[in-house]
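Here is a short report on the fold of one protein. Look over the sequence and the model first, then read on.

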Amino acid sequence: MTYNESERLSAVLYCPECGSKNDGATSTTQDGETTYVPQDGDIGVCMYCATIITFIDNVTRLKKVSSDELVNLDIMHPGIAAQTDRTRWTIMEMRGID
Ligand SMILES: [Zn+2]
């Protein structure tokens, strides 16, 4: 996936699962004309291993999201689990992850 320079993260973040550098972020729910700036607590998916992650510590670190945490987030924000799952499966297909 390619990112616009405006989508580069201000800090270099590493996936807590695979250790890969995640240096960009984009939104799957905002239109393409809005520059996405991640906030602590936003949910993401590692572009390398498809692990579900969240931004923490003023967007300087990533934390793995447990399945229980995702269920609780989906209660507060209905549809987030399905959206995250679709993104995750797309990355897994792109990367050839089983
Ligand atoms: Zn990863």
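What percentage of the contacts in the protein with a separation of 6 or more comes from residues 24 or more positions apart? The share is 47%. Two residues are in contact if their C-beta atoms, placed from the backbone, lie within 7 Å.

## Model and overall layout

This is a predicted model: local features need pLDDT of at least 70, side-chain atom pairs count only at pLDDT 80 or more, and totals for chains, interfaces and linings use all residues. Residues are numbered from 1 along each chain as its sequence is written.

The protein has two helices and five strands. Along the sequence the pattern reads β-β-β-β-β-α-α. Helices (H or I, at least four residues) and strands (E, at least two) are DSSP runs, numbered from the N terminus. Buried residues make up 14% of the 98 residues. A residue is buried if 20 or more other C-beta atoms lie within 10 Å of its own, exposed if 12 or fewer, and partly exposed in between; these C-beta atoms are placed from the backbone.

Strand 1 (residues 8–14) pairs with strand 2 (residues 21–24) in the antiparallel sense, over three bridges. Two strands pair if DSSP finds at least two bridges between them. Arg8 stands opposite Gly24 in strand 2. The two strands form a hairpin with six residues between them. Gly19, in the turn, has a positive phi of about 80 degrees.

An open sheet of three strands has the order 3-4-5, with antiparallel pairing. Strand 3 and strand 5 stand at the edges with a single partner strand each, so one side of each is left without a neighbour in the sheet. Neighbouring strands here are turned by 45 degrees against each other on average, direction ignored.

Strand 4 and strand 5 (residues 61–64) are joined by four bridges and run antiparallel. Two partners in strand 5 can be named: Arg61 is the bridge partner of Ile56, and Leu62 stands opposite Phe55. Strand 4 and strand 5 form a hairpin with four residues between them. Asp57, in that turn, has a positive phi of about 55 degrees.

## The nonpolar core

The largest nonpolar core has eleven residues: Leu13, Cys15, Ile43, Val45, Cys46, Met47, Ala50, Ile52, Ile53, Phe55 and Leu62. Strand 3 (43–45) and strand 4 (52–56) are the elements that give two or more residues to this core. Strand 4 gives the most, with three. A nonpolar core is a set of buried Ala, Val, Leu, Ile, Met, Phe, Trp, Tyr and Cys residues joined through C-beta atoms within 7 Å.

Ile53 belongs to this core. Leaving out residues up to four places away in sequence, Ile53 touches Cys15, Pro16, Gly44, Val45, Cys46, Leu62, Lys63, Lys64 and Val65.

## The helix pair

Which residues meet where helix 1 and helix 2 touch? Leu70, Val71, Leu73 and Asp74 in helix 1 meet Ile80, Ala81 and Thr84 in helix 2. By class, this contact has five nonpolar, one polar and one charged residues. Ala, Val, Leu, Ile, Met, Phe, Trp, Tyr, Cys and Pro count as nonpolar, Asp, Glu, Lys and Arg as charged, and the others, Gly among them, as polar.

Methods:
Axes fitted to C-alpha atoms, helices over the stretch in contact; angles between N-to-C directions.
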